[in-house]
Amino acid sequence: MPAIKERSHKAQKVLERFEKKLNRQIVGSLVACVHCGMCTQSCHYVLANPGDPTYAPAYKGDQIRKIFKRHFDWTGRVLPFWVKAKSVYTDEQLEELKDVVFGKCTNCRRCTINCPMGVDLATFNRMARGLLVSVGVMPEGVAVVSKDQWELGNQMGVLKEDYIDTLEWMEEEMQMELDDPQAKIPIDKKDCDVYYSINPREVKYDPRTIADAAKIFYAAKENWTMASEGWDMTNFGLFSGDDDLGGSVAVRLYEKVEELNARKLVISECGHGYRSTRCEGQNWGKKDVNFTMESSVITMLDYVKSGRIQIDAGKNDKIYTYHDSCNFARSCGMYEEPRELLKLVVNDFREMYPNRSENYCCTGGGGAMSMSEYSQRRLKSAKVKADQLKATGANVVVTSCHNCVDGLNDLIKHYKLGMEVTQLVNLVAEALVLEPRVAPEEIPAAPEAVPGADGLKGKKILVTDDEPDFLTFISTVLEDNEAEVIKASSGDEALKLAESEQPDLITLDLSMPGRSGIEVFETLRKNSKTQNIPVCIITGRPEMRKLIYDRPVPPPEGYVDKPADEDDIVLNIRKVLKAGHEKS
Amino acid sequence: MSEFLHFVEHPLQEIALLIMAVVYITRLRWLMKFPAGKERQAATGAIDTTPRRGIIYSWMNIANPMGMESTRTKIFFYAQFVVFHLGVTSAIALSFIIPYWPHVLEIPGVQPLLQFIIGAAFIVGLFRMIRRYGDKYIRAISTPDDHFSLLLLTVWFLFAFLSVPNDTSGGEWHLVTYFILTAFFLIYVPFSKISHYLYYPFTRYYLGKTMGHRGVYPIEHNPRT
Ligand code: SF4
Ligand code: SF4
């Protein structure tokens, strides 16, 4: 009798849970593959790694399929060698599977729509992720982000105070810009027509998108609100394959909408957030809802088309192209609306090919941006997207997804494309034509003073970056805003100057030769003379988000992605200084 | 006709068909025991993309080479697919024509037509064998079942081609081999990748339903590649 192989505890659990995850669609996809190879060239990983068959969708699918066949399929159970069926026994084998399902596939579904048999690899790849997550086998970033979403209700660990603080700060910015103290970002207002939900990335790294959306609602005279809790429409359950997390996050949001009795849940521009909230959340959470849900793209499009807001497309005077997010387009059919809106708010639009349901992934999808161990592989596969972007001749790429913003920024920097990435909300806000306001007499003329709102006068800022061009750029921006700038082009220099100059704030690049920004940051935090100086990270490596969550020291006070524009830098630095001012 | 040829043409085929039917029904029941995933949410995407239209579009995918980049950019490969599957259909039809309606083969043009299709399918089978062994990507995903199924079909095409005239004047060996291969094929199919035609309506139904509900199918705007 052949020796019975020992199975590790985790492998045993994976097998026990496998059957519970199977539904008819998944089983169909697992049995129907005929190994025709038609899907091979549809995957960006294959195109960027010619000659390596381990990236082929069917090959990757087979790493899951072989377990299914060994345990559930008759031929595989009786004659395993005949159909290459194989069970899983060890933790090492689970690690190998992790490398495939997390590190070699972004669940973009491009192979699905190119498979003649209708095999939906992305769906069962997600199932396999869920199985591995259930036994704790997952990339570190996935564990960290999932934990934040379970415990703090949002996937970036944003605390309630920081969130509310950011909304108030954006409200003040908006009031100043519009010169109207009545311009508000309402919180927890009941019976509204629109409940606006956002991605925590907007709070953390891109608050300008919140201000831009608020400006659009203001211009449209919308009866809207944001929520103090249940505001995160992103859902890491989609990436981790954890349906329980997915359901719990979605239901948290739906219940808050119901509590506030809002008529419509508007989801800000985020591909996976839209798919999770609008298309999957009700299924994961087994919940029906009595309100409607729509993407902010549709909301904005309606405003423009119905004349509720006036637009001057001439204000957006660059050359624009549009990147379809996989989740938004290929999984939710949202490709005409964003194009229609884009063409209304810019004058020069260039299509990208292939596009719509056939577009290539930004390569940061499926949670890839949180898995820093696969960054090199991801960036290599991004060559396909880089070539696509370059061929458009555009200088700005527009996308309706925050994840794609990060993924695209990363590859643009890596392949030195010199393009900007923006979202429709920014372009619509930029193109807004606002009616001149007639101030009622009883309204006080000046808003409450905001510390630092009058520029950065008197603030001493230490700027650290090894790229001379960026150092000059950021110094000029800060000096134009009346700050006193001290420059450091290496980590060692920054540490010395921080101690001797005691600046009000330090901006820090993470990727520097020699002593890395991470090391510099920790040293600053551990030194009693510098530990209280606020730090704003300015980096072109979004995957370094991990630093913020996994630190042994308090997190940085601010964070800006490169390429950063003047507004982003000044807004974020003012926010950090303002928070510091309030603390003191 | 010898007794043996009669046996392989009639009782053997009938037994094989019966076994295949039983195994298929068992297989379908097995597939149906898994719960079907449901969509609670309201539809997304364009208003004219419905689950029903999505399902029809998805089923028709087989006849819509322009619908997918993978077939649109490999028209020669798609043509091979068409020829191969027409060959399978013709060779199966032949296994009913010879025992039950041999007079059909007397109709002018029928024999050359069947021989042309089955012969072309045999050549495609040879091409496919070369591809399965020679292409690095295909070799990596191929199982012994994939290789054997292809070999089985290609050899079956050869004997079907030789059997089309239904002529025993030079001996019965080609007809006997063809019918034995057909019986083996019928019994082996449910256990092999050849049973994919049983799954095609299922996978395509559910994918079409989902993609239709989500506004992706039918893909109206064929993107330029
Ligand atoms: S195209 Fe579909 S059937 Fe063919 S190898 Fe890929 S997944 Fe399998
Ligand atoms: S889902 Fe996307 S990344 Fe994954 S194998 Fe298919 S094409 Fe490649």
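Student: In this predicted model, which helix of chain B does I19(B) lie in?
Tutor: Look along chain B for the run covering residues 11-32. I19(B) falls within that run, so the element you want, with helices numbered from the N terminus, is helix 2.

Student: Is I19(B) buried, partly exposed or exposed?
Tutor: Its relative accessible area is 34%. Buried would need under 20% and exposed over 50%, so I19(B) counts as partly exposed.

Student: Which residues form a nonpolar patch on the surface with I19(B)?
Tutor: Patch members need over 30% relative accessible area, and I19(B) has 34%. Together the patch has about 300 Å² of accessible area.

Student: Over to the interface: what area is buried between chain B and chain A?
Tutor: Interface size is often given as the accessible area lost when the parts come together. Here 63 residues of chain B are in contact with 70 residues of chain A. Carbon and sulfur atoms give 57% of the buried area, and the total is about 5,700 Å².

Student: Which three residues supply more of the area that chain B buries against chain A than any other three?
Tutor: Their share is 14% of what chain B buries there. The trio is R40(B), Y137(B) and I141(B).

Student: How many salt bridges does the rule find across the interface?
Tutor: R110(A) and E69(B) meet in a salt bridge through their side chains, 2.5 Å from N to O. That sits inside the 4 Å cut-off, so the pair qualifies. Across the interface of chain B and chain A, the count is 5.

Note on methods
Residues are numbered from 1 along each chain as its sequence is written. Chains are lettered from A and ligands numbered from 1 in the order in which they are written. This is a predicted model: local features need pLDDT of at least 70, side-chain atom pairs count only at pLDDT 80 or more; totals for chains, interfaces and linings use all residues. Side-chain values use heavy atoms; hydrogens and water are left out. Patches are made of residues with over 30% relative accessible area and no salt bridge: like charges are joined within 9 Å, nonpolar side chains (Val, Leu, Ile, Met, Phe, Trp, Tyr) within 5 Å. Accessible areas come from the Shrake-Rupley method with a 1.4 Å probe; for residues, only the protein chains shown count as cover. Helices (H or I, at least four residues) and strands (E, at least two) are DSSP runs, numbered from the N terminus. Buried means under 20% relative accessible area, exposed over 50%, partly exposed in between (1.4 Å probe, protein chains only). Contact means heavy atoms within 4.5 Å. Buried area is the accessible area (1.4 Å probe) that two parts lose on being put together, summed over both.
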